[in-house]
Each structure stands twice: as C-alpha cells, then as structure tokens.
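Q: Could you go through this one with me, starting with a helix and then moving on to the sheets?

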Amino acid sequence: MNLIQRATKKLNEGKTKQIFELLDEPGNVLVQSKDQITAGNAVRKDQMEGKAAIANKTTSCVFKLLQDAGIKTAFVRQHSETAFVASHCEMIPIEWVCRRIATGSFLKRNPGVKEGYRFSPLKLEMFFKDDANNDPQWSEEQLLAAGFELAGMSIGRCEVDIMSKSTVAIFEILEKAWATQNCTLVDMKIEFGVNVSTKEVVLADVIDNDSWRLWPSGDRSQQKDKQVYRDLKEVTPEAMQMVKRNFEWVSERVKLLLETQTSGRVVVLMGSTSDMAHCERIRKACSSYGIPCHLRVTSAHKGPDETLRIKAEYEGDGVPTIFVAVAGRSNGLGPVMSGNTAYPVINCPPVTSDWGAQDIWSSLRMPSGLGCSTVLSPDAAAQHAAQILGLTDHLIWAKLRASMLNTWVSLKQADKKLQQCSL
C-alpha cells in the first residue's frame with residue numbers, strides 16, 4: 001500500500017497540489033503535486049503532463065539546499081516523483097515577495113520606476129491570500145491588526161519580524177546559489193506556516209518554478225519561469241511544450257545547486273600536540289560549515305624547513321587553503337607562514353592564564369609585509385576561514401547566512417519570552 005493510500009484524509013486542495021494527513025506519521029502530511037499550471041488566480045488554467053514530477057523535483061532540491069544551510073522548513077523528505085512529506089503546519093495566509101530587480105506587477109503599482117531597477121537592499125512586499133480580491137498587497141500594520149491565531153500561536157510583532165528577516169535570508173541564499181549557474185534570481189514568493197508540533201514559524205508550502213522569476217545571464221528574453229506561460233497570447237500544444245521545456249531546464253539545473261563549485265580546506269598547524277584540544281575545536285567548527293580540516297604538527301622555531309615543506313605540500317595541489325597557526329608562547333608559525341605564502345593565514349594562539357597577555361603580542365605585532373590576522377576563539381577562527389572560502393563556495397556562504405539569521409531569531413525569541421515574563 002503506497003503512502004497516498006495510507007493517507008486517506010485530504011486536508012486541503014489548491015490549484016497545483018493536494019495535502020493529505022498521514023495517519024501513521026502523526027504531525028506529518030503528504031504534499032501531492034498536480035499536473036496543472038495556472039496564472040492570474042486560475043483565470044488561465046491548463047494541464048501540463050509531467051508538471052507534478054518537475055515541480056516536486058524542483059521544490060525538494062530547493063528545500064534540501066535551505067535545510068542543509070540551517071534554515072528551518074516544513075520539508076521532511078521526498079516521497080515519490082510527485083509528492084513529498086512535510087511537517088503539518090497551519091499556513092499563515094500571506095505571500096512574502098522579495099525582489100532584486102523591478103519588473104512585473106511592481107512596475108504597474110509603482111509607475112515611473114524603470115524596468116530593471118536594482119533593489120539594494122532587497123525590496124520586501126507582502127500580499128494577503130484572497131483569490132476573490134486578487135491577493136491585495138498588505139502592510140505590516142495590516143498583518144499585525146489581523147491578529148491571526150494559528151496552531152495556538154498569535155502572529156504578532158515577533159513572528160512578523162522573523163518572517164521578514166527569513167524571507168531576505170532565503171532569497172539571498174538562493175540568489176547566491178543560482179549565480180553559480182549564471183542565472184539571476186529576479187524575485188521570489190514564499191509562504192510560512194506554524195508547525196503544529198513545535199509551534200515554530202517555518203518556511204512551508206513549496207518553492208518551485210511557479211515561485212520565482214529566473215533569468216539566465218540576467219537576460220529577460222531567456223526567462224525560464226512561469227512568466228513564459230503568463231505571457232502566452234494563445235495556449236497551443238506547441239506553446240505548452242515550450243513552457244514544459246523551460247520547467248524541465250530549471251528542474252535539471254536546480255540539482256546542481258546542491259553541489260559545491262569549488263572545494264576548499266583549512267590546514268591547522270600546531271606547534272605542539274599539547275595544543276590538540278584547541279585545534280580539535282577548530283576542526284569541529286570547520287565541519288559545521290562542511291569544510292575539510294587537516295591537523296599538522298610543526299614548529300617554525302625548531303624546524304622551519306619542515307614548516308615550509310608542509311606549506312608547499314598544500315600549495316602544490318591547487319586546492320584553496322586557509323592556514324591556521326596555533327602556537328603558544330612566542331608565535332613563529334603565523335609570521336613565517338604569512339611571509340612565505342600568498343594563501344590566507346589566521347593566528348589562533350591558545351592563550352594561557354599566566355603569560356597569555358604578553359604572548360599575544362607575538363601574534364598581533366607583525367613585521368611589515370605580513371598580512372596574517374589574529375582570532376583568539378577557535379570557533380571564530382573557523383568562522384573567519386569559512387567567510388573567506390564562502391566567497392567562492394555558495395554552500396559555505398549559505399551556512400554562514402543561515403547562522404546569522406538563526407542567531408538573530410534566537411535573540412528575538414528570547415526578548416519576546418522576557419517581555420512576556422515581565423508582564
């Protein structure tokens with residue numbers, strides 16, 4: 001018996017998907033895509049054979065990318081070609097729209113703005129889901145005044161701010177990912193829900209080729225998204241085949257977003273194995289960003305020739321490398337490495353309670369021509385290395401961006417809890 005047969009209770013049905021309760025997986029639902037494409041709140045509606053599989057493949061890859069980065073979503077796993085399993089959420093009836101480039105409906109609502117105007121920072125808008133009134137644009141004040149109560153949670157200022165910040169972070173992660181395929185993410189719409197089990201606001205619904213505008217090489221004439229279908233003057237079999245090919249193109253490219261484009265590493269050089277615990281913290285932090293980390297023992301004072309040989313070993317294979325020098329007392333490792341390599345060098349000395357205040361100067365006061373930085377915290381040293389490698393690796397960058405968001409959300413929620421306790 002397949003999952004749909006076991007999920008006998010239909011919870012909801014929209015224009016492009018059906019939601020079923022999973023009786024043997026409490027707290028989860030099955031999201032089944034349909035072979036239907038619509039535009040203008042279903043004023044235009046057509047069957048497109050294979051669309052369900054294409055949409056499901058696209059949304060599953062996008063949610064996996066976001067989850068691996070650290071974004072909280074409702075996605076659990078892909079179930080079949082046309083369905084995925086998600087946490088059961090009560091949906092917040094708002095479409096959050098994030099724009100990098102002015103086009104489409106924004107130009108109609110804002111006459112005088114030229115198409116192609118680039119928003120920096122991103123332009124954020126929200127629309128109340130109301131088909132009868134063509135999904136009117138709402139302000140934050142309207143959303144707050146609505147007083148939505150979902151899954152036992154009141155949607156107030158804290159939740160609205162979390163959704164706003166999350167929308168920007170999600171867009172930036174996907175924008176960075178699509179840039180690796182020489183594609184411009186022009187704009188995007190997403191939805192959030194309240195997880196009925198955890199009572200958290202999470203990214204929910206789907207993100208597929210209906211959700212964004214995507215322009216290869218930044219060229220609107222090459223657009224691959226649903227706008228091609230919206231723009232059809234006449235829906236013919238030939239036109240629908242063209243639309244389907246575009247959707248297939250996106251579903252194939254989106255798989256590549258899960259793959260790193262460059263492989264980098266961190267090499268930790270320690271002056272003594274007595275610093276092993278300090279170095280292991282660096283390696284553990286690197287692993288959280290998906291960065292390989294090698295530990296080596298060498299002393300620039302006692303064996304400078306061996307230190308330079310190890311350096312040459314890692315320079316010789318062409319892999320982008322960050323060297324982290326861990327040396328107590330007088331730090332010779334960092335300066336020697338920095339003076340003999342063009343790769344970045346980070347000093348991360350293990351500061352002791354006795355001479356630490358004096359020893360730190362050997363990492364801070366560098367001779368001219370040396371550019372190594374000094375970071376005392378092992379976790380922060382790994383983060384600094386990740387920031388360097390993230391300039392060319394969108395998956396590392398995505399983890400950094402999601403971590404920034406999650407830190408902000410934690411502070412926001414802590415403040416909300418404190419305010420509630422004070423009342």
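Q: What span should the twelve residues of helix 9 have at 1.5 Å a residue, and how far apart are its end C-alpha atoms?
A: In this predicted model, where local features need pLDDT of at least 70, side-chain atom pairs count only at pLDDT 80 or more and totals for chains, interfaces and linings use all residues, helix 9 (residues 304-315) should span 16 Å, and its end C-alpha atoms are 17 Å apart, which agrees. The expected span is 1.5 Å times one less than the number of residues, and helices (H or I, at least four residues) and strands (E, at least two) are DSSP runs numbered from the N terminus. Residues are numbered from 1 along each chain as its sequence is written, and side-chain values use heavy atoms, with hydrogens and water left out.

Q: Which residues of helix 9 are buried?
A: Thr307, Ile310, Lys311 and Tyr314 are, buried meaning under 20% relative accessible area with a 1.4 Å probe and protein chains only. They cover an arc of only 100 degrees around the axis, which puts them on the same side of helix 9; the arc is that of the directions from the helix axis to the C-beta atoms.

Q: And what covers them?
A: The cover includes strand 17, strand 18, strand 19 (321-326) and helix 10 (333-340), with contact meaning heavy atoms within 4.5 Å.

Q: What is the strand order in the open sheet of five strands?
A: The order is 18-17-19-20-21, with parallel pairing, where two strands pair if DSSP finds at least two bridges between them. Strand 18 and strand 21 (373-374) are the edge strands, each pairing on one side only.

Q: How many bridges are there between strand 17 and strand 18?
A: Five bridges join strand 17 (residues 265-270) and strand 18 (residues 293-297) in the parallel sense, and Leu269 has Arg296 as its bridge partner in strand 18.

Q: Where does Gly27 come in?
A: Gly27 takes a positive phi near 90 degrees in the hairpin of strand 2 and strand 3, which has six residues between the strands.

Definitions and conventions
Buried < 20%, exposed > 50% of the residue type's maximum accessible area, 1.4 Å probe, protein only.
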